[in-house]
Amino acid sequence: MGTATSTPSQETVEQGRRTINRIVSLIFRFQSFFGLIIVFALAILYSPIRSGDNIFLSERNLSNVTRDVSETGILATGQLLVILIAGIDLSVGSVVALAATGTAYLLMREGALNLPLIGSVDVSPMGAEPTILVILAMGLIIGWWNGWTSERFKIPSFVTTLAMLSIARGLAHIWSDNIAVPISYRAGGADPSFEILRERVYNDLIPVPAIIMFVAAIVMALVLHYTSFGRHLYAIGGNQTASRLSGISVTRIKILAFMLCSFFAAMAGIVHAAQLNQGSPNEAVGYELNAIAAVVIGGASLMGGKGTIIGAIAGAFILGILDNMLSLNNVDSNTQLVVKGLLVLGAVALQQLRPRDVE
């Protein structure tokens, strides 16, 4: 019985199939960058022209887009860590509001503070550094609670963080007596060093919040790529049972992921307070959806185990540029929400269509 050999035509077909698979794999692997290029090109194409200049490409507009993207990018950096372990954190928007309110309160509060079981305590405004440390520590505690309750009671993170969404928003209202807390830098006001978070550097073009976002993203990208913690996140998202059997402390890694997610949400809240010169319990509504959308558009799988920080940041820029493009063309905010929802739906559908042989 002779050995079957492929004919030249069969080899050509097979080679063509492999080439197509490589192209498809390349498109899926870098889908966030292709998406970013397409959205950027569309923004240029459909930008209004003023005095012969493309408004979208103006330095001030691009700087504004980068500043607006910063908070979403910081949130997406933390949200990706939770999504990598097949979880989700719906509380980050409320944590932003709580952190912003707390930041403004600690920077500006002066007078008597009535505490249950303790009584009246005289308080004075805190400096910028102590305030930031307190708020970031608060974020870590909230994240620990989210992760611990999910693991201890085997409750899906969707439920525990939904509860925290309500708790954090309520605490923000209690903390501020239901009103926004303004931040002033006049005599007796907030520490002037906090104002640096509102500034732009390099010829007034690069917002400081954008620098914070890129530093946070670079640090976490290195953590995911070079540390055992990062590798364990991907392993747990890929197969939690196998990870546990191989000796990975699944509970500890998952709690750490939630802690870092809330830590970045608190960081975004501090930036938010600086940008608006106030902390309000009514701010940051829907921010959790922007963060999740950025991560998903950036190529992460909601099933866990897949995703990159670079993709999440690219996803945040896609959303930011899209918002800017629609605003420049006077598209109302409700239509913007519809477009954003369709974009997220398309990104998820694209993941489902992804062939297994290009995973």
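Axes are lines fitted to C-alpha atoms, for helices over the stretch in contact, and angles between N-to-C directions run from 0 to 180 degrees. This briefing applies that convention to a predicted model, in which local features need pLDDT of at least 70, side-chain atom pairs count only at pLDDT 80 or more, and totals for chains, interfaces and linings use all residues. Residues are numbered from 1 along each chain as its sequence is written, and side-chain values use heavy atoms, with hydrogens and water left out.

**Overall architecture**

- The secondary structure comprises 13 helices and 8 strands, where helices (H or I, at least four residues) and strands (E, at least two) are DSSP runs numbered from the N terminus.
- Along its principal axes, the C-alpha trace of the protein spans about 95 × 65 × 35 Å.
- Of the 359 residues, 45% count as buried; buried means under 20% relative accessible area, exposed over 50%, and partly exposed in between (1.4 Å probe, protein chains only).
- The protein exposes about 18,300 Å², of which carbon and sulfur atoms supply 64%; accessible areas come from the Shrake-Rupley method with a 1.4 Å probe, and for residues only the protein chains shown count as cover.
- Among contacts between residues at least 6 apart in sequence, 74% join residues at least 24 apart, a contact being heavy atoms within 4.5 Å.

**Packing of α3 with α7**

- Helix α3 (residues 59–84) packs against helix α7 (residues 208–226) at an angle of about 20°, and their axes are 8 Å apart.
- The two helices are therefore roughly parallel, given that angles under 35 degrees count as roughly parallel, over 145 as roughly antiparallel, 65 to 115 as roughly perpendicular and the rest as oblique.
- The crossing of α3 and α7 is left-handed; a crossing is left-handed if the near helix is turned anticlockwise from the far one by less than a right angle, and right-handed if clockwise.
- From α3, the contact residues include Val69, Gly73, Ile74 and Leu81, and those from α7 include Ile212, Met213, Ala216 and Met220.
- The residues of the α3 and α7 contact divide into 13 nonpolar, 4 polar and no charged; Ala, Val, Leu, Ile, Met, Phe, Trp, Tyr, Cys and Pro count as nonpolar, Asp, Glu, Lys and Arg as charged, and the others, Gly among them, as polar.

**Packing of α7 with α12**

- The axes of α7 and α12 come within 9 Å and cross at roughly 150°, which makes α7 roughly antiparallel to α12.
- Met213, Phe214, Ala217, Met220, Ala221 and Leu224 of α7 meet Ile309, Ile313 and Phe317 of α12.
- By class, this contact of α7 with α12 has 9 nonpolar, no polar and no charged residues.
- Ile310 also belongs to helix α12 (residues 309–328), and Ile310 is exposed, with a relative accessible area of 53%.
- Ile310 and Phe214 are 96 residues apart in sequence, yet 9.8 Å apart in space, C-alpha to C-alpha.

**Packing of α5 with α10**

- The axes of helix α5 (residues 128–152) and helix α10 (residues 250–276) come within 7 Å and cross at roughly 145°.
- The crossing of α5 with α10 is right-handed.
- Among the residues making the contact are Leu136, Gly139, Trp144, Trp148 and Glu151 of α5, together with Lys254, Phe258, Met259, Phe263 and Met267 of α10.
- The α5 and α10 contact divides into 14 nonpolar, 6 polar and 2 charged residues.

**Helix α11**

- Helix α11 (residues 287–297) has 9 of its 11 residues buried, so α11 is largely enclosed by the rest of the structure.
- The buried residues of α11 include Glu288, Asn290, Ile292 and Val296.
- Gly299 follows α11 and has a positive phi, near 105°.

- Asn277, although not a glycine, has a positive phi of about 60°.
- Asn277 lies in the loop between α10 and β8 (278–279) and counts as partly exposed, at 23% relative accessibility.
- Asn330 is likewise a residue other than glycine with a positive phi, near 60°.
- Asn330 lies in the loop between α12 and α13 and is exposed, with a relative accessible area of 70%.
- Gln336 is found in helix α13 (residues 333–353) and is buried, with a relative accessible area of 13%.
- Leaving aside neighbours within four places in sequence, Gln336 is in contact with Asp323, Leu326, Ser327 and Val331.
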